[in-house]
Amino acid sequence: MSFIGLPLRLEMLATRKAIWRVMSEYSYNGDGFSVNVPNAWITDLTSIPWWIPFVKREGEHTPASVVHDVVYAKGEVTKYGEAVEVDRLFADRDVYLRAMEVRNTPPLRRNVIYWGVRLGGWYSWGRYRRKQGREEIKGKANIEVAPLPQEQKQAAQASPIQEKGPIDD
């Protein structure tokens with residue numbers, strides 16, 4: 001398990017909500033899967049509530065946090081060159097927790113972040129899945145509704161089909 005393409009370079013876009021842009025692509029190779037963080041990816045780094053002051057948004061865990069953001073947003077990782085859908089537990093435990101271990105995040109900080117994501121990440125995960133569902137449906141929903149019998153009758157009366165007889169020369 002390793003990160004490729006570090007050091008992570010970020011540009012702050014907004015201070016109030018701490019919004020950052022990734023300035024160079026990098027990837028995380030986990031146990032049989034990989035996650036690519038594209039250049040210009042927008043992230044909030046580590047979502048930490050204000051009442052947990054001893055865990056900072058940035059630190060050795062930051063590259064893992066951005067990878068986790070990508071997995072939450074896409075709902076998938078790459079296995080053998082193919083996109084594979086994952087569940088939230090996989091995103092939190094097999095990606096985020098393991099990636100923080102690879103980055104040598106101290107155990108107390110790593111576990112506080114992990115359990116914070118397990119307890120509070122359901123909202124973001126659900127929001128991304130709902131958004132993803134809307135994007136998949138958008139433009140693909142072609143519906144044809146059959147006319148009611150009375151509508152068929154009215155249409156037939158409005159433009160009667162004229163039968164043609166034999167053609168006379």
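Guide: Two strands pair if DSSP finds at least two bridges between them. Helices (H or I, at least four residues) and strands (E, at least two) are DSSP runs, numbered from the N terminus. This is a predicted model, in which local features need pLDDT of at least 70 and side-chain atom pairs count only at pLDDT 80 or more, while totals for chains, interfaces and linings use all residues. Residues are numbered from 1 along each chain as its sequence is written, and side-chain values use heavy atoms, with hydrogens and water left out.

Visitor: How many helices and strands are there in the chain?
Guide: Along the sequence, the pattern is β-β-β-β-β-β-α-β-β-α-α-α-α. The count for the chain is therefore 5 helices and 8 strands.

Visitor: What share of the residues of the chain count as buried?
Guide: Buried means under 20% relative accessible area with a 1.4 Å probe and protein chains only; exposed means over 50%, and partly exposed lies in between. The chain has 169 residues, and the buried share of them is 32%.

Visitor: Which residue stands opposite leucine 10?
Guide: Strand 2 covers residues 10-14 and strand 3 covers residues 19-22; the two run antiparallel and are joined by 4 bridges. In strand 3, the residue opposite leucine 10 is valine 22.

Visitor: Which residue takes a positive phi in the hairpin of strand 2 and strand 3?
Guide: This hairpin has 4 residues between its strands. The positive phi, near 55 degrees, belongs to alanine 18.

Visitor: Which strands are the edge strands of the open sheet?
Guide: The open sheet consists of 3 strands in the order 2-3-6, with antiparallel pairing. Strand 3 is joined to strand 6 by 2 bridges, and arginine 21 stands opposite isoleucine 42 in strand 6. An edge strand here pairs on one side only, and the two that do so are strand 2 and strand 6 (42-43).

Visitor: How far apart are the end C-alpha atoms of helix 1?
Guide: The expected span is 1.5 Å times one less than the number of residues. Helix 1 has 13 residues (62-74), so it should span 18 Å. The model agrees, as the end C-alpha atoms are apart by 19 Å.

Visitor: Is aspartate 69 buried or exposed?
Guide: Aspartate 69 lies in helix 1, where 12 of the 13 residues are buried. Leaving out residues up to four places away in sequence, aspartate 69 touches (heavy atoms within 4.5 Å) Trp41, Thr43, Asp44 and Leu45. Its relative accessible area is 16%, so aspartate 69 is buried.

Visitor: How many aromatic pairs does a search of the whole structure find?
Guide: Rings of Phe, Tyr and Trp (its six-membered ring) pair if their centres lie within 6.5 Å; planes under 30 degrees apart count as stacked, over 60 as edge-to-face and the rest as tilted. Ring pairs link Phe3, Tyr26, Tyr28, Phe33 and Phe90 into a cluster. For the whole structure, the number of aromatic pairs is 7.

Visitor: Why are the rings of phenylalanine 3 and tyrosine 28 classed as they are?
Guide: Their centres are 4.9 Å apart and their planes lie at 45 degrees, so the class is tilted.
The two residues are 25 residues apart, in strand 1 (residues 2-4) and strand 4 (residues 26-29), and both are buried. The pair is therefore classed as tilted.

Visitor: What is the class of the pair formed by tyrosine 28 and phenylalanine 33?
Guide: Both residues are buried. Their ring centres are 6.1 Å apart and their planes are at 65 degrees, so the pair is edge-to-face.

Visitor: Which residue lies over the face of phenylalanine 3?
Guide: A charge sits over a ring if NZ of Lys or CZ of Arg is within 6 Å of the ring centre and within 35 degrees of the ring normal. One such case places arginine 127 over the ring of tyrosine 128, 5.2 Å from its centre. Over phenylalanine 3, at 5.9 Å from the ring centre, lies arginine 103.
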